[in-house]
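Hello,

Here is the structure I promised to hand over. Please open it first, then read my notes below.

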Amino acid sequence: MASLSTTTTTTTSPPFPPPPTTRRPASFRTHVSTRTEPDPNPNPPSPSSSTEKPPRNTALAVTDERTRRILKEVEKQRATEAKERKELVNRKIASQKAISVILRREATKAIIDKRNKNKGPTNSKKLLPRTVLEALHERITALRWESALKVFELLREQLWYRPNSGVYIKLIVMLGKCKQPEKAHELFQAMVDEGCDLDCESYTALLSAYSRSGRLDKAFSLLKEMKSTPGCEPDVQTYSILIKSCLQVFAFDKVQSLLSDMATYGIKPNTVTYNTLIDAYGKAKKFSEMESTLVEMLADRNCQPDVWTMNSTLRAFGYIGQIETMERCYDKFQSSGIQPNVQTFNILLDSYGKAEDYIKMSAVMEYMQKYHYSWTIVTYNIVIDAFGKAGDLKQMEYLFRLMRSERIKPSCVTLCSLVRAYAHAGKPEKIGGVLRFVENSDVLLDTVFFNCLVDAYGRLGCLAEMKGVLELMEQRGCKPDVITYRTMIKAYSFKGMNSQVKELTELLTTVQRPPLKRNKPDF
């Protein structure tokens, strides 16, 4: 504002340059005036005067110059047209070649898809290497392990196939992520049978497959085998994977054993190892161990903290409501040169939301928008849930509309936050709006969403709508669980509807109860 007022008071000219349309007429007038300016002498010169020939020579020179300029422009135009014709011909040739390549690739993919759908075997052993490898890579990336193994079988039948340990390792890692350790072991054995050299990376891939599935006994057996196999000794990545798997099941005694083993063999933890320990100790509320690990990490010159270290520390203190400690840690990490990312701000938003500090929460939101941090679905879920719990339905609905306008697909977490907020506000008609949105979208619903819906209608006393949720679950292919029936029994008991309570109690005995020990998420 200050700069704007100074500009308007110190000069009368406009602060921005005039548009081109205000300059073109002046230039055009100048050009015309130089060509049509009349002779200052109104009287024509006499035939005997010596000044009669120069104007005639000047006119001829101007005509010759104009002719040369026109010829030059014509030649330039012809050259441009010839160049465009040549480029058009080249584009047609390139297009024909591209179409030929695409057709060959599509034919190869059709053969692969035909084989995967068991429509009959094919004897083609001369498929394009690039297309087969691309098809394999797509399936590995998408974790479609069954289809990936079929494509790999087709790959091994090709005439140009040569065993490659890198391909085997990628497949074994994929099978580990898909919780298929036995299939991973079969591939490992096939790699040995084909003569591929075994190293630490191949053993670590198989060890990771077992540890991801909770087969820690088999994973430790492989670790012992690696120690006794020359050239396959475990490295820091091997130990980091095992430590992470032990921490996910809270086997802290095994973690200490692994750390002692690393010290014995002279293997120093890296940044990933320290970050895994800090994150696990923070989630388990073992703050003394977390602090000692962080101090040890800072003392190691080869392991500098990064943004993951900062996020793990902030999450630990923010989760238990120690906002001031979290803010001090944020300032120290940032002063040491570590820049936050979107996940950092999500942690801050979640912590402030749980602490009901909506002023600081709004400040973080404004900061993210000011410095162009793109909001993710996690960001929207956090702020929508926070404002919903605060009863600010107007802000919650605005954020939901903004989320959809930015083409971010809502998830079940988003919908559950909306339903809970409308239930607490006593607005069942708004819950109907959520259901209409669900009908017109392709959001994949789960039992958790329907349980949230049952609880909302039960709180509002809408027992008919609550019973109708069971029909919706059947239409969506979701089965009621223990929480579903217990929530309905609670609502019917509050209204004194004993017959419905008795009926649901009998159904409750037929429902398979979830295991007490749930599987840890695959981080």
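**Helix H11 and its surroundings**

Directly after H11 comes Gly-266, with a positive phi near 75°. Keep in mind that this is a predicted model.

Now H11 itself. The helix covers residues 252-264, 13 residues in total. At 1.5 Å a residue it should span 18 Å. The end C-alpha atoms lie 19 Å apart, which agrees.

Which residues of H11 are buried? They are Phe-252, Val-255, Leu-258, Asp-261 and Met-262. An α-helix has 3.6 residues a turn, so residues three or four places apart point the same way. The cover over the buried residues of H11 includes helices H9 (216-227), H10 (236-248) and H12 (271-283).

**The nonpolar core**

The largest nonpolar core holds 132 residues. Leu-415 and Phe-449 have the most contacts inside it. Helix H20 (residues 412-425) supplies the largest share of this core, eight residues.

What does Leu-415 touch, leaving out residues up to four places away in sequence? Its partners are Val-434, Phe-437, Val-438, Val-443, Leu-445 and Phe-449.

I looked at two of them.

- Residues 306-340: 74% helix and 0% strand, with the end C-alpha atoms 9 Å apart.
- Residues 446-480: 80% helix and 0% strand, with the end C-alpha atoms 10 Å apart.

Best regards

Terms used: Residues are numbered from 1 along each chain as its sequence is written. This is a predicted model: local features need pLDDT of at least 70, side-chain atom pairs count only at pLDDT 80 or more; totals for chains, interfaces and linings use all residues. Side-chain values use heavy atoms; hydrogens and water are left out. A nonpolar core is a set of buried Ala, Val, Leu, Ile, Met, Phe, Trp, Tyr and Cys residues joined through side-chain atoms within 4.5 Å. Buried means under 20% relative accessible area, exposed over 50%, partly exposed in between (1.4 Å probe, protein chains only). Helices (H or I, at least four residues) and strands (E, at least two) are DSSP runs, numbered from the N terminus. Contact means heavy atoms within 4.5 Å. The expected span of a helix is 1.5 Å times one less than its number of residues.
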